[in-house]
Amino acid sequence: MYQWPLAGRQAELSTIETALASGGLALIGAPGMGRTRLAREALARWTASGGVAEWVAATRAAASIPFGALSHLLPGSQWLAESRVELIARVADRVAARTAGKPTLFVVDDAHLLDEASAALLRQLTAQRLVIPLITACCCEPATDAVAALWKDTAVRLSVGPLPPKAVDRLLDLTLDGRIDPLSRRRLHRLADGNPLLLRELLADTVETGALKRRDGLWRWRGGVPARARVADLVTARLRTLDPAAREVLEMIACGEPLALAVLQRLADQQTIEAAERSGMAVADQSGARVTLRLAHSLYGEVLRAGLPVTRARAIWGRLAGALNAEPMRRRDDTLLAGVWQLQSGTITRPDQVLEAARQAIGRFELDLAERLARAAGPGIDADWLLARILSYQGRGREAEAVLPAEPEPTSEPPSMRAVTRALILHWGLGRTNEAEQALDVGSGQDLTEATRSWIMLFDGRSRAALRSAEDVLSLPEPDEQAVIWAAMSGAMAAGLLGRPDRAAAIAERGRQVADANAERFPWGQAQVGYGLCMSLHTAGKPIEAARVAERGYRRAVASNSAMMTAVWASFRGIVAKARGDLGTAQAALREAVALLEEEDAYGLTRVCLAELAGALALTGDAIGAEDLLARADEHVGDHNRMFDAWIQLNRAWAEAAGGMLSAAADTAAHAAKLARDTEQPMIEAWCLYDAARLGAAVPDRLSAVATAAPQSFAPVLADAAAALATGAPEALDRTAGVFAERGHLLLAAEAAKLAARARMRNGRGSEVRVARERATALAEMCPQARTPLLELNDFSAVLTPREREIARLAGSLPSREIAERLGLSVNTVNNTLARAYAKLGVSRRGELAAIFVTDGA
């Protein structure tokens, strides 16, 4: 790793400069916080301005010798025969002669290690104003009174605390030459706790061991903290000073943190507990009437647990579980802790408790832990049902089917939830949609099963039936709260896809109220309702509002530490940014979604995320990258998410356009529109038809029909825009650009403004042309990475027919035979078309074509 910049310390540096001008400074802080780095920066600035400086590093070895740290200032060996007063006077004279009346900046690093004689000498030099002291000292280390007086007597005492989060982010981004997924970033923040040394060593260890690995341009941390010497030494050095009993208390806290004091008091005496707390490594917190203990730093627990022998660790967890079960279970989390501790101990004494702990782990988004608990609680019919559900949430449908109990068997699981579990596995896990819907035909709990049916029908491409089913659930007098949340998600999405934005908003609001009121019972509820609202806003052509919803949901998901929830919100962030023309943000967010979905993809979203990422690359002109991603998306083909077939095909169209095959791209976009129509998504169909027009196809009557059928949707805007593209009338194109810009569709606005400017250049007045060009330039600069055919269109290429333009663009870099193979034409047809293009453009060589088919800056 290269040298880090001094990030996040601007306030400290300002204080240092002021303090040095007024008489000295003490930098006090914990190990690794950057005291030495700040002192070096202060010294560099002092000497750069012409000042004289001394640097002294105090050590434990030198502290055993009088004047050991400052021996280089003493007058030879004869000082041993002099009194301390005489010696200090002679040293002062020598320092005064050397500095010529100007004080020396005297830096003492780790001043808490100074011997008393050196401390006295430094205080005398300071009192005579011969030196300006700048000392660093560790707040965790003891110091003699003479040494401690150094920082008590200085003009300013500055506590060097943790780095602010923004500074940590800057260091992470500088160190790793790419993005870090948000959960790994959050974990590094938590473990380093603003300590730059810990952060640096954590990064070094995790990168070297492969725990932190880059894939698709994104760094992802998987697994525990590596048990490497660099990080471990920072912790174990403090443990060596503890007696065995106090260390044992810290080990118990590490295995159970936050550990209730009442539980710990059953396992250790009060005096030892107090000794552990006095060591500074344990901290007591109070919540209501309960006092808990945790380790002072998150990393302490990681290192302590990693260093425990397996048998000792199991014994500690077994003792903790026994002590907790001896107390009344007053809090909901007590059951989860008891179950986890039994699991860690390797001995299950209460299978029912472990099973309930697995249910609670699901609610906390810890699916790996939930799986381990469910397996440990088995065998048994209840454990099998729960394990099947957990595996389905992880996207492991075939494994879930293998453990799914046969019907009917006695179980505590309600029939409706058993039906839902079986249906989810059959549809998303195995793609057997008909069987999934049949599994939902149970006599009781129809609100839950119908809400699930609505969800399945939506993703199967039956939006109208999905909306009807969702509204049936929402119209019940007293529906189950979970059913309301599920129905609100699918209903809002379906209404949005059908071009009914007002209905979508009302459904989402109904679901939001229920989800907010039951946030603890249904941890996924707020996110699921939010997905429905975000989708409906996106399809309604409201990317600004959709981006707000996605950003709010994304922040909540990261805070919850759920990979799956964060992945879905990241995908929405990317899709909405792509619609706006913010292609850099779109690519980063979609890469993040793909990386996170590798761990959990319960609903088969990897395919559409890869395709949307391909589309974002294609819109920048990266045809090869887009084609590679589409090939990866095709590996995830299944029958259970027909809803996204049109979306994927539309991104394929843009990949073809990036490769220069505009006629094929227009045909593919038209085919995507047909897929959208077949899957009852008229709003997606409208988008596909408009994109076909952007790619050069004639505007179909179908777009007007969709607009007429959904007058409150975004389809009428798209129909008017397509008509403006077809006529080329500058006034209509100006209106189109204005509407798109107001709605937040900056890329579409830039294209329309570009066409309007080009039209005015042919027959407009000078002032109109200038204004039009300036507007087009301003909008294009808001989408700096975009490279679409309409943005690249210039006055030269506009004189060609679509087929001539397509072949001429390819001819700038490809021979006629390859062009013919790509477009399915004969070589003669390619050459004849190219000859006509030469004549219209007034060129004679292929090399001249490449210069024509670039963005002209308008």
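These legends walk you through several views of a predicted model of a protein chain.

**Figure 1. The whole chain, to get your bearings.** Welcome to a predicted model with 858 residues in its protein chain. The chain holds 45 helices and eleven strands. Taken along the principal axes, its C-alpha atoms fill a box of roughly 105 × 80 × 45 Å. Buried residues make up 54% of the chain. The accessible surface comes to about 36200 Å², and carbon and sulfur atoms account for 51% of that surface. Among contacts with a separation of 6 or more, 67% join residues 24 or more positions apart.

**Figure 2. Helices H23 and H24 pack against each other.** Here you see H23, residues 446-459, beside H24, residues 463-474. On the H23 side, the residues to look for are Asp 447, Glu 450, Ala 451, Arg 453, Ser 454, Met 457 and Leu 458. They meet Ser 463, Ala 465, Ala 466, Ser 469, Ala 470 and Val 473 of H24. Sorted by class, this contact has seven nonpolar, three polar and three charged residues.

**Figure 3. Asp 460, in the loop between H23 and H24.** Staying with this pair of helices, you can find Asp 460 in the loop between H23 and H24. Is this residue, Asp 460, buried or exposed? Its relative accessibility is 10%, so Asp 460 counts as buried, the cut-off being under 20%. For a sense of scale, pick out Val 263 as well, 197 residues away from Asp 460 along the chain. The C-alpha atoms of Asp 460 and Val 263 are separated by 52 Å.

Figure 4. The crossing of H8 and H9 is right-handed. From H8, Leu 188, Leu 191 and Ala 192 take part in the contact, and from H9, Leu 198, Leu 199, Leu 202 and Leu 203. By class, the contact of H8 with H9 has seven nonpolar residues, with no polar and no charged ones.

**Figure 5. Asp 691, a buried residue of helix H35.** Look along H35, residues 682-694, and you will come to Asp 691. With a relative accessible area of 7%, Asp 691 is buried. Which residues is Asp 691 in contact with, leaving aside its neighbours within four places in sequence? They are Leu 650, Trp 654 and Ala 669.

Figure 6. Ile 544 sits in helix H28, which covers residues 543-560. At 27% relative accessibility, Ile 544 counts as partly exposed, because that class runs between 20% and 50%. Not counting residues up to four places away in sequence, Ile 544 touches Arg 580, Glu 742, Arg 743 and Gly 744. Another residue to look for is Ala 633, which is 89 residues from Ile 544 in sequence. In space, Ile 544 and Ala 633 are 28 Å apart, C-alpha to C-alpha.

Technical notes: Residues numbered from 1 in each chain as written. Predicted model: local features only at pLDDT ≥ 70, side-chain atom pairs only at ≥ 80, totals over all residues. Heavy atoms only, no water. Axes fitted to C-alpha atoms, helices over the stretch in contact; angles between N-to-C directions. Helix = DSSP H or I, 4+ residues; strand = E, 2+ residues; numbered from the N terminus. Contact = heavy atoms within 4.5 Å. Nonpolar A, V, L, I, M, F, W, Y, C, P; charged D, E, K, R; others polar. Buried < 20%, exposed > 50% of the residue type's maximum accessible area, 1.4 Å probe, protein only. Areas by Shrake-Rupley, 256 points an atom, 1.4 Å probe, with all protein chains shown as cover. Left-handed = near helix turned anticlockwise from the far one by under 90°.
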